[in-house]
Amino acid sequence: MPPLPKAEKGKVVTRFAPNPDGAFHLGNARAAILSHEYARLYDGKFILRFDDTDPKVKRPEPIFYEWIKEDLEWLGFKIDEIHIASDRLEIYYNYAEKLIKMGKAYVCTCKPEKFRELRDKGIACPHRDEPVEVQLERWRKMLNGEYKEGEAVVRIKTDLSHPNPAVRDWPALRIIDNPNHPRTGNKYRVWPLYNFASAIDDHELGVTHIFRGQEHAENETRQRYVYDYFGWEYPVTVHHGRLSIEGVILSKSKTRKGIEEGKYLGWDDPRLGTIRALRRRGIRPEAIRELIIEVGLKRSDTTVSWDNLAAINRRIVEPIANRYFFVADPVPMYIEGAKEFTAEIPLHPDYPERGVRKLKFEPGKPVYVSRDDMELFKPGNFVRLKDLFNVEILEVSEDSIKARFHSVDYEIARENRWRMVHWVTEGKPCEVLVPEGDELLVRNGLLEADADVKVDDIVQFERFGFVRIDEVKDGKVRAIFAHK
RNA sequence: GCCCCGGUGGUGUAGCCCGGUCAAACAUGCGGGCCUUUCGAGCCCGCGCCCCGGGUUCAAAUCCCGGCCGGGGCACCA
């Protein structure tokens, strides 16, 4: 990672400040992971802060507080401190009052449209220059409940001729009548807006470096007014572009909608780009970290391809994943002329010490092969049943294959360049969920009967791909496809 | 409309600040070969990029100007 500007060993404090209104996803992970990595690199501190100050439009939900923490920990984060904005309302109130007393903020009771009109012309609203006592009185009325939602707002004074009208006298705190906040209920009705809470917290918590999306670049302009008024030093900010992954939906609102419509199984649906979904697919946390670190903090938007993530993950998972035969869409193959034989196949070809799995062939019983290999089964063709023996295909119909034993030796198949297929004799039912863009394919098939798989194992189904075992119930296995 | 950012092979990143050693590096992808009882890995070969136009200069991916394209912001959201 490139060095961080103005960073001193032991003094770097970074933070990640999500709104717990949805699950943590790969897009958020850019800021989160780099914040954390830099904190560690400089022996600093990493803070998780929940920016849950909008009980109305982007309403936080209790479960996401837990999930986000869990997901960060799964990614290997050491979280030094956790703060929750909704616990800190009194702090914001204090600073707001200070600013009012300093004449740097005021309570505006204009109708929003009216204010906007004046603002766009660069004209002060009628409340802006009223005396401090009047402002304080109105501030008390806000807190008391004498103003209703929408009737009053605290504004930070800025340069009224700022070229960007959106910066002018930006709003800092507003009223929400029945917040019914998941953590504080209706205890507070005056809520800070993002820019105010964030500005105060970053200073209060000693944050030195902020990583955030470039959509926040203009917020920095706003927040700097507060810092200037208090004489604080603004943290170093790094703005990065949006990160997305090839064809995967990251948007919280789209995800939520899809879940409500029943299109997605939940926030961890394998098609999604949430961290939970990636985990469920068998993507390892180190792979995600590696990817994010490689992508870095460019200002331009980046779209990474699945291949890239898959390549990193494959490298990590390959040595740990044991091998099994999974036959998708099984077709029976009846073999004549073969004797009983037990194949012994290593669980992992590079690590014989892990032992073998045994698959027993018995004359008179078919072996099952996958319909995916159908094109190899043409009368007159030879194929090798991997680790078993070679057969000649005699007859093929839609739902069965007849074959004749040819030979045992692998060398013969090799010299003739016969193709090799995997197979099972008896198998246990297994379904593999395969995300394909917006579709979730279900591949039903047979997993070799003695496969010793447990939930959360990442294994390789030979010639099929790496999968994570998602569920083992009543002898039935469900796996989720990660990648080839 | 106004205000910010960006633009290097199919994808991602490095190089740009401090011009030459950069017809550009690394990873991934794709094609081919070797090896290998799957796949993958490994080894070898190949494919493919500095958005466009001017300018400065002995020399520009790198500096300047203009254009085009892309992203973001302009909420009593975060």
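Ala, Val, Leu, Ile, Met, Phe, Trp, Tyr, Cys and Pro count here as nonpolar, Asp, Glu, Lys and Arg as charged, and the others, Gly among them, as polar. By that scheme, the surface near RNA strand B has 23 charged, 17 nonpolar and 15 polar residues. The model is predicted.

- H11 gives the largest share, with 4 residues.

**Helices H10 and H11**

- The crossing of H10 and H11 is right-handed.
- On the H10 side, the contact uses Glu286, Ala287, Glu290 and Leu291.
- On the H11 side, Asn308, Leu309, Ile312, Asn313 and Ile316 meet them.
- By class, the contact of H10 with H11 has 5 nonpolar, 2 polar and 2 charged residues.

**Helices H3 and H6**

- H3 (residues 89–101) packs with H6 (residues 194–204) at an angle of about 100°.
- The axes of H3 and H6 are 10 Å apart.
- An angle of 65 to 115 degrees counts as roughly perpendicular, so H3 and H6 are roughly perpendicular to each other.
- H3 brings Ile91, Tyr92 and Tyr95 to the contact.
- H6 brings Phe196, Ala197, Ile200 and Glu204.
- By class, the contact of H3 with H6 has 6 nonpolar residues, no polar ones and 1 charged.

**Open sheet E4-E5-E6-E7**

- Four strands form an open sheet in the order E4-E5-E6-E7, and their pairing is antiparallel.
- The edges are E4 (105–108) and E7 (190–192), each of which pairs on one side only.
- From one strand to the next, the twist averages 20°.
- Within the sheet, E5 (residues 153–156) and E6 pair over 3 bridges in the antiparallel sense.
- Val154 has Leu173 of E6 as its bridge partner.

- E18 (residues 382–385) pairs with E19 (residues 390–396) in the antiparallel sense, over 3 bridges.
- Val383 stands opposite Val391 of E19.
- E18 and E19 form a hairpin with 4 residues between the strands.
- Asp387, in the turn of that hairpin, has a positive phi of about 65°.
- E19 also pairs with E20 (residues 401–407), in the antiparallel sense over 6 bridges.
- Glu392 stands opposite Arg404 of E20.
- E19 and E20 form a hairpin, with 4 residues between them.

Conventions:
Residues are numbered from 1 along each chain as its sequence is written. Chains are lettered from A and ligands numbered from 1 in the order in which they are written. This is a predicted model: local features need pLDDT of at least 70, side-chain atom pairs count only at pLDDT 80 or more; totals for chains, interfaces and linings use all residues. A crossing is left-handed if the near helix is turned anticlockwise from the far one by less than a right angle, and right-handed if clockwise. Helices (H or I, at least four residues) and strands (E, at least two) are DSSP runs, numbered from the N terminus. Two residues are in contact if their C-beta atoms, placed from the backbone, lie within 7 Å. Two strands pair if DSSP finds at least two bridges between them. Axes are lines fitted to C-alpha atoms, for helices over the stretch in contact, and angles run from 0 to 180 degrees between N-to-C directions. Angles under 35 degrees count as roughly parallel, over 145 as roughly antiparallel, 65 to 115 as roughly perpendicular and the rest as oblique.
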